[in-house]
Amino acid sequence: MPATLRRVALRPELTPSLARLVIQKGKSVSLPLKWILHGHVTDGVAKHMNLAFFTTLCSSSDEDMGSIRRAEAWFVKIACTIFVRSNSLDRFLGYFSKHLTPSLVSEIVHRLTIPTLGFKFVEFTRDKLHIMNHSYWTYNMLLRSLCQSNLHSSAKLVYDWMRCDGQFPDNWLLGFLVSSYALAGRFDISKELLADVQCNNVTVNVVVYNELFNILIKQNKVGDAVVLYRELIRLHYRPVTYTINILIRGLCRAGDINEAFNLLGDIRSFGCSPDIVTYNTLIHGLCRINEIGRARYLLNEICSKGELAPDVVSYTTIIAGYCKLSKMKEGALFLDEMIRSGTEPNTFTFNALIDGFGNVDEANKIIAEMEEKRCKPDKLTYTILIIGHCMKGRMSEAIGIFDKMLAVGCSPDEITVNNLRSSLLMAGMSGEAARIKEALCQNLTLDASSKKRSYHESTNADIPVAVY
């Protein structure tokens, strides 16, 4: 160690007399906080002591900078302890005023992991120490922690402090705040935050609006979402197709199909075009209110324009709409039309038909067609068939399908098992009911074992083995 650099390693057991000796030697050192709080250091000594920093006799070297960083870390710990344990901070005002900086405030807030303590500390620095230039990261950290703790009133005060300091949230923080207040039922604050940044010509990312629209729709507030959308349009906001799709989905779920089509009419005026998701959402909305004719007309319109091609979702939605109305002939004919168009049906398509027919014999024909198309039945397919056979009293067929379901690795859910076991017990087949339960338990055990083995094989496959 260079002769010019002298250090003294201080421990909690350092005595006041030793501290005096260090001071007499020209050192300003960090002392344990409990000496100050409990009066173990005399006033005369305390005047010469610095709670956080110590100086060295060397020039600004890397080692010296490291010492300062350690001293700052010690100061942060002291400040946290004082703030948490002291009943009155008035006697520490001079000390904090001398040494506290915005960057140290950020560190202290970070260490005060309880959001309310971080809030109170920043409030203390503003009210008592008049520190008004806190860092962006202090506000960012505090706002997020308060909102995550559902302390939105305190978070709003912090946001106001941030704005008083002349700072604006970036789009990441703005999006978080807008969504957080909306989820907390404070859509009014979400709008206030958006209006604040808009008035100051801050560009708001489209993701912020999209997330807010999604939240409002999930909360069944599609009316609020549309009103906000119209307000944004008046402010010259130019939406993208994805944004309009969110609103159309919400309107269709609410049954307001006409307003959804109004948005479809507006979309091109913004320089964007509807995509297949837009049309599929409208088709689904029409089928929800049993307007299958309008849905087919819309699909034909897509085909005639040639800009987009209907996909499996487009056709399956209409087939499911027919099945819902028990118009099985129309549904089957539309399946043929789907295949002729070159669109291959999937499991969801066939499940809609199987469920719609409600007839096990017809369902078996559809299963055969599925196999021809190399379309694998899923859990819903097997469940529909099992319940259908049970309702007709065909218990052996139901058991056979259940066994096949397990054999192909398709795990049944509670609905499937409970329906089958209940039907077997009612038919006086308690032995089979017990076997079904046992077979299910064995399958679950094998499935778990297979997953575990697969995990170990995948994780150990590339690990080199040392050979001794």
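Which residues line the largest cavity? The lining consists of Arg268, Pro274, Tyr279, Ile302, Lys305, Glu307 and Leu308. Here a cavity is a set of points, on a 1 Å grid over the protein atoms alone, where a 1.4 Å probe fits but cannot get out, and lining residues have an atom within 4 Å of a point. Rolling a probe the size of a water molecule over the atoms shows where empty space is left.

The model is predicted, so local features need pLDDT of at least 70 and side-chain atom pairs count only at pLDDT 80 or more, while totals for chains, interfaces and linings use all residues. Residues are numbered from 1 along each chain as its sequence is written, and side-chain values use heavy atoms, with hydrogens and water left out.

The search finds one cavity of 30 Å³ or more, and the largest cavity has a volume of about 40 Å³. Grid points are joined across faces, edges and corners, and the volume is the space filled by probe spheres set on the points. By class, four residues of the lining are nonpolar, none is polar and three are charged. In this scheme Ala, Val, Leu, Ile, Met, Phe, Trp, Tyr, Cys and Pro count as nonpolar, Asp, Glu, Lys and Arg as charged, and the others, Gly among them, as polar.

The protein as a whole may now be considered. Its secondary structure comes to 25 helices and zero strands; helices (H or I, at least four residues) and strands (E, at least two) are DSSP runs, numbered from the N terminus. Of the 468 residues in the protein, 43% are buried. Buried means under 20% relative accessible area, exposed means over 50%, and partly exposed lies in between, with a 1.4 Å probe and protein chains only. Among the contacts (heavy atoms within 4.5 Å) with a separation of 6 or more, 59% are between residues 24 or more positions apart.

Helix H8 covers residues 136–148, and its 13 residues reach 18 Å from the first C-alpha to the last, close to the 18 Å expected at 1.5 Å a residue. The expected span is 1.5 Å times one less than the number of residues in the helix. Among the buried residues of H8 are Tyr136, Tyr139, Leu142, Leu146 and Cys147. The cover over the buried residues of H8 includes helices H6 (102–111), H7 (115–127), H9 (152–164) and H10 (171–183).

Between H8 and H9 there is a loop that holds Asn150. This residue has a positive phi of about 65° although it is not a glycine. Asn150 is exposed, because its relative accessible area is 56%.

H9 also has 13 residues and reaches 18 Å between its end C-alpha atoms, close to the expected 18 Å. Its buried residues include His152, Val158, Tyr159, Trp161 and Met162. H7, H8, H10 and helix H11 (187–199) are included in what covers them. Just after H9, Gly166 takes a positive phi of about 80°.

Buried residues of H18 include Tyr315, Ile318, Ile319, Tyr322 and Cys323. Among the elements that cover the buried residues of H18 are helices H16 (276–288), H17 (292–305), H19 (328–340) and H20 (347–357).

Two further loops deserve attention. Arg374 lies in the loop between helix H21 (360–372) and helix H22 (379–391), and has a positive phi of about 55° although it is not a glycine. With a relative accessible area of 78%, Arg374 is exposed. Met429 is placed in the loop between helix H24 (414–426) and helix H25 (430–460). Its relative accessibility is 27%, and therefore Met429 counts as partly exposed. Leaving aside residues up to four places away in sequence, Met429 touches Met395, Ile399 and Leu424. Met429 and Met395 are 34 residues apart in sequence, and their C-alpha atoms are 9.1 Å apart in space.

The cysteines complete the account. A disulfide is a pair of cysteine sulfur atoms within 2.5 Å, and a search of the whole structure finds zero disulfides. Cys252 counts as buried because its relative accessibility is 5%, whereas Cys303 is partly exposed at 39%.

Conventions
1 Å grid on protein atoms, 1.4 Å probe; cavity = no way out; pocket = protein on both sides within 12 Å on 5 of 7 lines; lining within 4 Å.
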